[in-house]
Amino acid sequence: MTAAQADLQIDRPAVADGAALWRIARDSKALDLNSSYSYLLWCRDFAGTSAVARDERGEPVGFVTGYVRPERPHTLLVWQVAVDGAYRGRGIAARLLDGLVARVGGEYGITSVETTITPGNTASERLFGSFAERHGARVEREVLFDTGLFPDGPHDPEVLYRIGPLSL
């Protein structure tokens, strides 16, 4: 772990973090940006299945949002992962993801992770591929939502990545 990584604290988001998470997502230019209201709700209602990385001042510099699937209670669905541009390339996304899955795995008995990735998002493909390798899990892929399902204009398909079983 580098000195820059050691200075980061990973914990649960609080409602007060919602605006920062929205800004990080907006500035990523890669994520579908949800309303600022949704990030506030996420930090309130899904803090237990999400994580935030804080700098030495306690300011959010990255996050992972997720939830436990009601129909698959041992599966964590990772909704979004983003790191502030000034902090990218330091392994923070991997640390966030590993930390979140370790915490949620212990609390909820998580044995698999799901996420969706649009084709061509190589950063996310690498992040989740290396996550699967670190946890001795296989990855299955299938299109979850095809382009034609999105009502708001052209949208790439969302490919579902199923990662598991995990060795935590």
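Where is the place of Asp 55? Asp 55 sits in the loop between S2 and S3, where helices (H or I, at least four residues) and strands (E, at least two) are DSSP runs numbered from the N terminus. Before we go on, note that this is a predicted model, in which local features need pLDDT of at least 70, side-chain atom pairs count only at pLDDT 80 or more, and totals for chains, interfaces and linings use all residues. Residues are numbered from 1 along each chain as its sequence is written, and side-chain values use heavy atoms, with hydrogens and water left out.

Asp 55 is buried, at a relative accessible area of 4%; buried means under 20%, exposed over 50%, and partly exposed in between, with a 1.4 Å probe and protein chains only. A polar atom of the Asp 55 side chain lies 2.9 Å from the backbone nitrogen of Arg 57. Setting aside residues up to four places away in sequence, Asp 55 touches Asp 7, Leu 8, Val 61 and Tyr 87, contact being heavy atoms within 4.5 Å.

Now step back to the sheet. Its 7 strands form an open sheet with mixed pairing, in the order S1-S2-S3-S4-S5-S7-S6; two strands pair if DSSP finds at least two bridges between them. Strand S1 (9-11) and strand S6 (138-145) each have a single partner strand, so one side of each is left without a neighbour in the sheet. On average, neighbouring strands are turned by 25 degrees against each other, direction ignored; axes are lines fitted to C-alpha atoms, for helices over the stretch in contact, and angles run from 0 to 180 degrees between N-to-C directions. Strands S5 (residues 112-117) and S7 (residues 158-164) run antiparallel and are joined by 5 bridges, with Thr 116 opposite Leu 160 in S7.

Helix H4 (residues 92-108) packs on this sheet, touching S1, S2, S3, S4 and S5, and its direction makes about 155 degrees with that of S4. Helix H5 (residues 122-134) lies across S4, S5, S6 and S7, at about 165 degrees to S5.

What lies inside? The largest nonpolar core has 31 residues, and Val 78, Val 113, Phe 128, Ile 163 and Leu 166 have the most contacts inside it. Such a core is a set of buried Ala, Val, Leu, Ile, Met, Phe, Trp, Tyr and Cys residues joined through side-chain atoms within 4.5 Å. H4 gives the most to this core, with 8 residues. A second, separate core of 8 residues includes Ile 24, Ala 25, Cys 43 and Val 52.

Methods. A polar contact is a pair of N or O atoms within 3.5 Å; within protein, one must be able to donate a hydrogen and the other to accept it, and residues adjacent in sequence count only if both atoms are side-chain atoms.
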